[in-house]
Protein chains: 2
Amino acid sequence: MAGDKMKLYWISGSTPCWRVLIVLEEKCLQNYKQKQVDFVKQEQKGEEIVSRNPRGQVPTFEDDGVNICESHAICDYLERCYGDCGKRLIPKERAVMSQVLQRMHEAHNNFQQAVIENIIYYCMKTDQTKWDKDLLETKFEFARNELNRWEAYLTKVHEAGNDYIVGDDFTMADVYLYPHVAFCVRFGLDISKYPELMKYYNTLAQRPSIHKTWPPSWKKTNDRFGFLDKL
Amino acid sequence: MAGDKMKLYWISGSTPCWRVLIVLEEKCLQNYKQKQVDFVKQEQKGEEIVSRNPRGQVPTFEDDGVNICESHAICDYLERCYGDCGKRLIPKERAVMSQVLQRMHEAHNNFQQAVIENIIYYCMKTDQTKWDKDLLETKFEFARNELNRWEAYLTKVHEAGNDYIVGDDFTMADVYLYPHVAFCVRFGLDISKYPELMKYYNTLAQRPSIHKTWPPSWKKTNDRFGFLDKL
């Protein structure tokens, strides 16, 4: 059965893990074995994970004797090895492919850096007494510009009557982007300030691969960071 | 002729641009047109680039009517569209492919973050009077661990009599990794502290695709940052 030689180690609420979970659904490889790791207990630093991934991180993935870590590498591996299983996530046609690849890497390099690394992780990891106010103001300006850039991309998408970040079909670009958007909402971004992003967020929340893999821990408590009000 | 419908806009000394230049050489697509952009004059923010890449960044690439930006996206595009031209950079065999993909993303996500973003860019972008000494000490520790991780990977490679980060053949993992290593050396990393990395650095410097595309601006002045002595 499809996926029955696979095993995924994952943590609820990790956007890297979520990406892999979405790809496995889209590619109809749902027979994989899985083990949910407890982040609070730091189980990813235990022997079972570290023997497979010396960095002690998840996602950690196995497929019939092949061991692979790093979420983007796993997504790419699954698309390359199981291209014709379920949904093709990177189209073969050159013009669409180029857009998908570009948006994938913009989501990873730009959206993640500008919004998640620069603000959410900075504020989470830095003692509040040490926040550099001027630096933070620059970071917020930069992040708003980034969010507005995606708002502009999605305006064109929606005006054309489409739902996905590259036109009329769900692709790897959505796999890269969506968990970042949901992560921001989860931690307190008022997405109604960005109506096109809100429409994208709500529409794709209904997609079976996303709905089914929604981080279970996000269904309970709701941690919101007030500092995201500035976005 | 191979590559004659391509055009690359690039900046000397940019590791993202260098990656694309290496791939074009490896894939024997050397007939591309190119325009070297002047970073000091901020030409990448001019109309010619911005009309092709609204972010005003390089590399910006065209291929027979298709426009694509983001260096990793361009590398991936070239490998997908021109897989059989010149050198195949992502092997088809599942076990080797998984290692190549993993090292590519580790180079991009971990090496770049730990050494280049956290230290070189932090120190370059932050006024020295505002450097957070405790934070910086943590960053140095983290970066040394990361460098030692690659040192360990390369110890195994060299012990097996190989030269490349994934075994006996040059792959996309080297395309992702090498410019980062060279960037650190250029800005003052004493690579002799990491003998396996030094061997890798020196050996691959002789590879035609790397030798030919070595950033021309690096052949002149040599900007060295004393803070890298701590690595």
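Author: One aromatic cluster is formed by W18(A), Y121(A), W131(A), Y178(A), F183(A), F187(A), Y200(A), Y201(A), W214(A), W218(A), F225(A) and F227(A). The model is a predicted one, in which local features need pLDDT of at least 70, side-chain atom pairs count only at pLDDT 80 or more, and totals for chains, interfaces and linings use all residues. Residues are numbered from 1 along each chain as its sequence is written, chains are lettered from A and ligands numbered from 1 in the order in which they are written, and side-chain values use heavy atoms, with hydrogens and water left out.

Over all chains, a search of the whole structure finds 34 aromatic pairs. Rings of Phe, Tyr and Trp (for Trp, its six-membered ring) pair if their centres lie within 6.5 Å; planes under 30 degrees apart count as stacked, over 60 as edge-to-face and the rest as tilted. W18(A) and W214(A) make an edge-to-face pair, with 5.1 Å from centre to centre and 75° between the planes. Since W18(A) belongs to helix α1 (residues 15-26) of chain A and W214(A) to the segment after α8 (208-213) of chain A, the pair ties together parts 196 residues apart in sequence. Helices here are DSSP runs (H or I, at least four residues), numbered from the N terminus. W18(A) has a relative accessible area of 1% and is buried, and W214(A), at 17%, also counts as buried; the term means under 20% relative accessible area, with exposed over 50% and partly exposed in between (1.4 Å probe, protein chains only).

Another pair is that of F111(A) and W150(A), whose ring centres are 6.1 Å apart and whose planes stand at 75°, so that it is edge-to-face. This pair links distant parts of the chain, 39 residues apart: F111(A) is in helix α4 (residues 94-125) of chain A and W150(A) in helix α5 (residues 133-159) of chain A.

A charge sits over a ring if NZ of Lys or CZ of Arg is within 6 Å of the ring centre and within 35 degrees of the ring normal. R186(A) lies over the face of F187(A), 6.0 Å from the ring centre, and F187(A) is one of the cluster residues. In chain B, K139(B) lies over the face of Y122(B), at 4.4 Å from the ring centre.

Conventions: Helices (H or I, at least four residues) and strands (E, at least two) are DSSP runs, numbered from the N terminus.
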